[in-house]
Amino acid sequence: MSEERPTIFVVDDDASMREALKNLLRSVGLEVQTFSSAQEFLSSERSKAAGCLVLDVRLPGLSGLDLQRELAQANVQIPIVFITAHGDIQMSVRAIKAGAVEFLTKPFRDQDLLDAVRQAIDRDRASRVQQAEMAVLRERYESLSPREQEVMTRVVRGLLNKQIAGELGISEATVKMHRGQLMHKMGAGSLAGLIEISQKLLPAKSRRAPQ
Amino acid sequence: VANEEVRDEHVEACLSGGGSMGEIMRSIDWSKTPLGAVETWSPTLRAMISFLLANRFPLLLWWGPDYTSIYNDAYRPILGKKHPHALGQSVRECWSEIWHVLQPLIDTPFKGGPATWMDDISLEINRHGYVEETHFTIAYSPVPDETAPRGIGGVLATVHEITEKIVADRRVLLLRDLASRTAEAKSAEEACAIAAGILSQYPKDVPFALLYAIDADRKRARLAGAAGVLMGEAASPMIVDLDGQSGHEQVWPLADVVQQGAFQRIENLSQRLARVPPGPWSDPPDSAVLMPIRSNISHQLAGVIVIGISSRLCFNDAYQGFCDLVAGQVATTIANARAYEEERKRAEALAEIDRAKTLFFSNVSHEFRTPLTLMLGPVEDMLNRAESLHGGVRKELELVHRNGLRMQKLVNTLLDFSRIEAGRTHAVYTPVDLAEVTQELAGNFRSLTERAGLKLIVDCPPLPEPAYVDREMWEKIVFNLLSNAFKFTFAGGITVSVNAAGDHAELVVADTGTGISEHELPLIFERFHRIEGARGRTYEGTGIGLSLIQELVWLHGGSITVESRLDEGTTFRVRIPLGAEHLPPDRIGAARTLTSTALSAAVYVEEAARWLPDDIASSRGVASSSPWPTPDLLSPDPAAREVRHSRTSPPRQRILVADDNSDMRDYFSRILSDTYIVDLAANGEEAFGAALNSLPDLVVADIMMPDADGFELLRRLRSQDATRSVPVILVSARAGEEARIEGLQRGADDYLTKPFSARELRARVDARLELVRVRKKVEGERGRLAAIVESSDDAIVSKDLNGVILSWNAGAERLFGYTAPEAIGQPVTMLIPTERADEEPVILERIRRGERVEHYETIRRRKDGTQVDISLSVSPILDEYGRVVGASKIARDITERKRIEQERRELAVAIALRETEAELARVTRALTVGELSTSIAHEVNQPLAAVVTNAEAGLRWLNGETPNLREARESLALIVRDGNRASEVIRRIREFLKKDSVEAAQLDINDVVREAVFFARGDLLKSQVTLRCELCAELPPVRGDRVQLEQVILNLIINAREAMAPVADGQRELVMISQKFAGDGVLVAVRDSGAGVNPQDIDRLFTAFFTTKSKGMGMGLSISRSIIEAHGGRIWAVLNDGPGLTVQFTLPAASQNPS
């Protein structure tokens, strides 16, 4: 988690527009990298700093919407602000549904763009923090022994030690031992804390409500 | 053992007897056949088999549902090699090759239908190792069997093979045809052709045949007829060498056949010939026979016939015998035809000899006439100057004259005779009072007979109706009979009578003379027959007089008979029918076309008078009492004789005489020079020069002259303007009507036959010159008129009421292309185009009513077939009684006027069209802009958005705590640039839309392409079309209108984009290509990856209102085409190898020196 200045990636096939956007974003102190096509963007070395993508919907070759889809598939989570010279509602709905931050129609008010970019950066920041937390939790979970993981799963499901012992065919005392170990390893102070962690961490299927 | 015995009993019961078939049947273990063991057979089957085996007629039993075959001895030959396997075999296997034919015939009775019967079934079966043509009479009947499922156990076949009979009948028919139908052949070739035609109708016996006739020199054979194969193919060479000199292998060994005179059989035709004539069956013949065709000259063949042998028949003795008969029949036919041909040639040769003889006769007679004219003319002149003659000289001259006349009579008689012989006598029948005419004619002999002491009784009572006779001929009949009677009568008298006898008139000339002996009587009308030793006043005679009279009588449809007794006298009876029904109508009152051979009565009387002793003849002065006989005497018009006297003398006219005979020239000169100036020339050449030198008023020319003959002189005179109208009289010794007609046809004004008298010549010359004088006067007036007509620019034509062209001026020649000689006499409809054919009857109808047709505009056809617009005025021509007899028409060429009118119209249309096109182009451009509106909006929006953004950025740079002036300035520069860009876009659009005049400028076509792409690229982007440009950098400049060309390219781009709409995302690709084309032109192509079009629509794409789009006017490509074509280019579409269509156009490079 660095404190680098966020970078804004501008993808627009129109040189004037690229320059204007870069000018505007720079004027509020943002780092800007410009690309004339989706391909160029995909194949570029991008800075790891937080930021967002200002993307023209209509591009030669891969369109803006195509790029959005590609990124989602590659699990690249970068917020997108769409700009278009002539957007239609259908297109904007598609874009927003697919997770776009904003959909702006050219010419737009500079503040609108800047707000959208700001929002996107915030979202990116938040998501990056969340991702960092998750990485820690995942690391901790990985450090559990298989038995401890089994016990944790059942603890989180709300089973009593005795029940867990019964299910796993071990003594209650052993359960207790594992339980203590895992609470420690996971950095959970209480059962509630452990449940919170597990909800962040565990895939949906193992998060099924105990019933 | 017991079982065996039982079986034996059964066998004995039903398989006993039956000859060899019975034996075979007994030897078979039937239990292994579908019929099963014998003891299981139904009683019916057993009964049938014993019946069948015992029968002597070919019988066959098909038993059970498999139709298992059982047959008897008599049936075995029909099977051939199929025996004995056929026994117990299913018919389906046994007769597999004809099963498709047999099945329905067998099934019908077996399945309960009626028995089947066929009189003659033709089957192609294979029983001797080859497929064979066979014919059978068959009867298939059901065999009821209670034990069988359907109550029918099988089918009994009664079979009778009739192949031999059928084939033999057919061959007999062929031979009969050959014998009967070739009889009419008139030549060997025809005989062969007919024979070949007949043979080709019997392909089953003669699949093909070639008839070769051997040339007279025996070295080659020629194909004279072919059946079943075309002549001159590889299998049927037209010529075959027989001398064996030519090295290559002959297709047919005709030479061997000719040498050996015997037939040959050729096998394995398929190896010999690349293509064997196919014949009627599926397999072509494999062999052929070559049969000699004998001629009526021993050891010499007339030819060879090649006969293909049917692939479906065995070549046995019968077949060979048949071929022999065919060859024999052809030989007979050819021999007959040759005999006929030779007969005909002989007859023709004889007829030719006869013709030559007659011609010689005719020529000789004519030749006599020229010297006769030269003799008689001067003599006659001398005698006319009677007072200046010494008595003795006069007598001698009279002698010359008399004998000249006599010779003329003989020559005329000969001429008559040769005319009759050649069938060229043209009698002219006129109704006459025969009694009166005959009385008059006979009267001429009265003084002569009286001087000879004879009595002449003329008894001619009036006849009830006129008789139709040729006067000259009737005169000859009467005079000849009378002088004949006078010749043989020394005492008593001559009776001439004419009486009506029923519907005939009868002339009787009876004398009391020496008579004719009985045995001579039948011969006296024979040509050249003279009665030997007959006692008469003279021995003179040719023996053709009576024969000629008989011919003349026959020409009148009459008859002549004679009765005579020696020393008692002779009576001739001439009977001719009254009335005209028996005569050819066209000869009644017809014009006389032949030179007259008539002689005056005086000639006969003079001649007869010479037979009298001199004292009687001279003392009475008979000769001097009659006028000099000349052909003039026969002239019906006395005025002609008077011309000479009524002639006005001054001024003296000039006559040019051309004759190669100097005597003749002198004669002409003597006759004519006292009245006219006479120029003489010895041939046509000389005469023509003389005529040019000093223009004669008349030319008299002999036809037969060396160098240039009379016809040639005539032609030359007529070919020159100066001499064209000089009248020409042709003179010839040839008296024939053809010569005369020929002369007149070639434009002679008159025609004179030798001999002619001085008087006749003068009369003709005078009359002709008088005519010339009158004609000249008329011509003077007419000439002025004609000059007006001739010089007119308009075509002036006259025609009669049938539409036949009568006159034709130079204007008409100019307008229609026909010269006057080509046009005159032709129907005027030749000028009228077929589609206007109905105009002429309407015009003629109006003319007949006396109306005029004025300034009627129509179309006529020239000689060269082109059409011409004319304005026509037609007026009726009236004769002196005011009747409409024709029409004159004035036609004026109005093509030019029409053309100008048409041009004006076309110009107006063109201007309107151009305006419409310009308007249309503008509308289409507006539509294009409409289509591209989002794209264009994008192009404007883009810089505008940039301007706004940069301005905001600029403000921010300035509003910061420490205003960043550098960045602000930078922003302003960007604003200016983008603002300019926006206005440039607007400018271009405005230009694109506003434009309506065409401006040609030198252009880089790539710029135009780029500009168009600029307008369209937003549109393409939106449609997710990938755009690629492959523009050639080194293109020559083109000359054209930028906006129009942009419009075309934009149009193509929009079309391409629309064509790609149905294609899946990611597969829309548009390629813009420019490249060099054909040397110095450029080509622009717009290639899409769309749906393409139907190949059949590809040429219609550029047609107005044709569209493959669901919406759209179908104008875009049509306008594009007119723009490109106006630029001298071409636009077309081609389907890509892959998906899509490429539309491309070419433009010529701008010339080096733009004008």
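B:Arg981 is partly exposed in this predicted model, with a relative accessible area of 22%. Its partner on the other chain is A:Asp14, and the two form a salt bridge in which the closest N and O atoms are 2.8 Å apart. B:Arg981 lies in helix H31 of chain B, while A:Asp14 sits in the loop between strand S1 (7-11) and helix H1 (15-27) of chain A, so the pair joins two chains. A:Asp14 has a relative accessibility of 7% and therefore counts as buried, because buried means under 20% relative accessible area. The value of 22% for B:Arg981 falls in the range between 20% and 50%, which means partly exposed.

This pair leads on to the interface as a whole. Here 23 residues of chain B are in contact with 24 residues of chain A. The size of an interface is often given as the accessible area lost when the parts come together. Between chain B and chain A, the buried area is about 2100 Å², and carbon and sulfur atoms give 51% of this area. Four salt bridges are found across the interface of chain B and chain A. Another salt bridge between the chains brings together the side chains of B:Arg956 and A:Asp110, at 2.7 Å from N to O. Polar contacts between chain B and chain A number 11 residue pairs, with both residues at pLDDT 80 or more.

Which elements of chain B give two or more residues to the side that touches chain A? They are helix H30 (933-959), helix H31 (965-994) and helix H32 (1005-1022). The largest share comes from H30(B), with 13 residues. Sorted by class, the side of chain B that touches chain A has nine polar, seven charged and seven nonpolar residues.

The accessible surface of chain B comes to about 56500 Å², with 53% belonging to carbon and sulfur atoms.

B:Asp679 forms a salt bridge with B:Arg654, and their closest N and O atoms are 2.9 Å apart. B:Asp679 belongs to strand S20 (residues 677-681) of chain B and B:Arg654 to strand S19 (residues 654-658) of chain B, so the pair ties together parts that are 25 residues apart in sequence. B:Arg654 counts as partly exposed, at 25% relative accessibility.

A second example involves two helices. B:Glu685 and B:Arg716 form a salt bridge with the closest N and O atoms 3.3 Å apart. B:Glu685 is in helix H22 (residues 684-693) of chain B and B:Arg716 in helix H23 (residues 710-719) of chain B; the pair links distant parts of the chain, 31 residues apart. At 41% relative accessibility, B:Glu685 counts as partly exposed.

Salt bridges can also join into a group. B:Glu845, B:Arg846, B:Arg848, B:Arg849 and B:Glu851 are linked in a network of salt bridges. Over all chains, a search of the whole structure finds 63 salt bridges.

Definitions and conventions: Residues are numbered from 1 along each chain as its sequence is written. Chains are lettered from A and ligands numbered from 1 in the order in which they are written. This is a predicted model: local features need pLDDT of at least 70, side-chain atom pairs count only at pLDDT 80 or more; totals for chains, interfaces and linings use all residues. Side-chain values use heavy atoms; hydrogens and water are left out. Contact means heavy atoms within 4.5 Å. Buried area is the accessible area (1.4 Å probe) that two parts lose on being put together, summed over both. A polar contact is a pair of N or O atoms within 3.5 Å; within protein, one must be able to donate a hydrogen and the other to accept it, and residues adjacent in sequence count only if both atoms are side-chain atoms. Helices (H or I, at least four residues) and strands (E, at least two) are DSSP runs, numbered from the N terminus. Ala, Val, Leu, Ile, Met, Phe, Trp, Tyr, Cys and Pro count as nonpolar, Asp, Glu, Lys and Arg as charged, and the others, Gly among them, as polar. Accessible areas come from the Shrake-Rupley method with a 1.4 Å probe; for residues, only the protein chains shown count as cover. Buried means under 20% relative accessible area, exposed over 50%, partly exposed in between (1.4 Å probe, protein chains only).
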